[in-house]
Amino acid sequence: MSLDRSVRTRLFTALVLLLVLGSGFVMGMALDRQLLEGGLTGGEALGSGGRGPGSENRRREPPPPDSANRGRPLLVEQVGLSEEQKTRVDSIVAFYQDRMRTLHEEFDEAYSTRYREILAETRDSLRRVLTDQQRAAYDSILVAYDRRMEERRQRDSLGSGRPSNRPRP
């Protein structure tokens, strides 16, 4: 009993796909187990700090208490720094945070007016698509959101964090 060539090709293709699927499943299980044993989330292991899409639903371990005050990235903490290295890393992080804050301020100064114009146009365009009832709900959501963002900007300007001037459409 001989199978014709097209049937054999289909069976071979199905077998290869099944093997790829099975090996991916096994590798995923192994990686998941390794990450769980190490106390990491997938995003942290890949260097994104767990902030990728869907990360808000992942359970994350809190950072060690001593790193919370220094602002040192969790990835650097995981390599086992000496006290001297921790001091040097703190200095480097502070230097680049200051540079990023300055750049952010320059960006806001240069583009905030244009950004707000585009935002207003976006909101207006979205409002035109909505029904009267939806528009009223959208407007109330925007008012609440803008109020929270303003409170956050004021809170951030009083603290050491950089202000967030990015309202949503």
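A residue is described here as buried when its relative accessible area is under 20%, as exposed when over 50%, and as partly exposed in between, with a 1.4 Å probe and protein chains only. The structure is a predicted model, in which local features need pLDDT of at least 70 and side-chain atom pairs count only at pLDDT 80 or more, while totals for chains, interfaces and linings use all residues. Residues are numbered from 1 along each chain as its sequence is written, and side-chain values use heavy atoms, with hydrogens and water left out.

The protein contains six helices and zero strands, so that its elements follow the order α-α-α-α-α-α from the N terminus; helices (H or I, at least four residues) and strands (E, at least two) are DSSP runs, numbered from the N terminus. Of its 169 residues, 16% count as buried. Among contacts (heavy atoms within 4.5 Å) with a separation of 6 or more, 36% are between residues 24 or more positions apart.

Side chains of opposite charge can pair when their charged atoms come close. Seven salt bridges are counted, each defined as a side-chain nitrogen of Lys or Arg within 4 Å of a carboxyl oxygen of Asp or Glu. One of them joins R127 to D139, with the closest N and O atoms 2.6 Å apart. This pair links distant parts of the chain, R127 lying in helix α5 and D139 in helix α6, 12 residues apart. R127 is partly exposed at 27% relative accessible area, and D139 is partly exposed at 25%. Within α6, R153 and E150 form a salt bridge at 3.0 Å, N to O; being three residues apart, they are separated by about one helical turn. R153 is buried, at 14%, whereas E150 is partly exposed, at 34%. In helix α5, D98 and R101 are likewise three residues apart, or about one helical turn, and their side chains meet in a salt bridge of 3.0 Å, N to O.

Two aromatic pairs are counted. Rings of Phe, Tyr and Trp (its six-membered ring) pair if their centres lie within 6.5 Å, with planes under 30 degrees apart counted as stacked, over 60 as edge-to-face and the rest as tilted. The rings of F95 and Y96 have centres 4.9 Å apart and planes at 80°, so this pair is edge-to-face. The rings of F107 and Y111 have centres 5.0 Å apart and planes at 40°, and are therefore tilted. F107 and Y111 are four residues apart in helix α5 (residues 83-129), about one helical turn. Both are partly exposed, F107 at 39% and Y111 at 40% relative accessibility.

A nonpolar surface patch of about 280 Å² is made by F12, V16 and V20. Patches consist of residues with over 30% relative accessible area and no salt bridge, like charges being joined within 9 Å and nonpolar side chains (Val, Leu, Ile, Met, Phe, Trp, Tyr) within 5 Å. V20 belongs to helix α1 (residues 5-38) and is exposed, with a relative accessible area of 52%.

Definitions and conventions
Accessible areas come from the Shrake-Rupley method with a 1.4 Å probe; for residues, only the protein chains shown count as cover.
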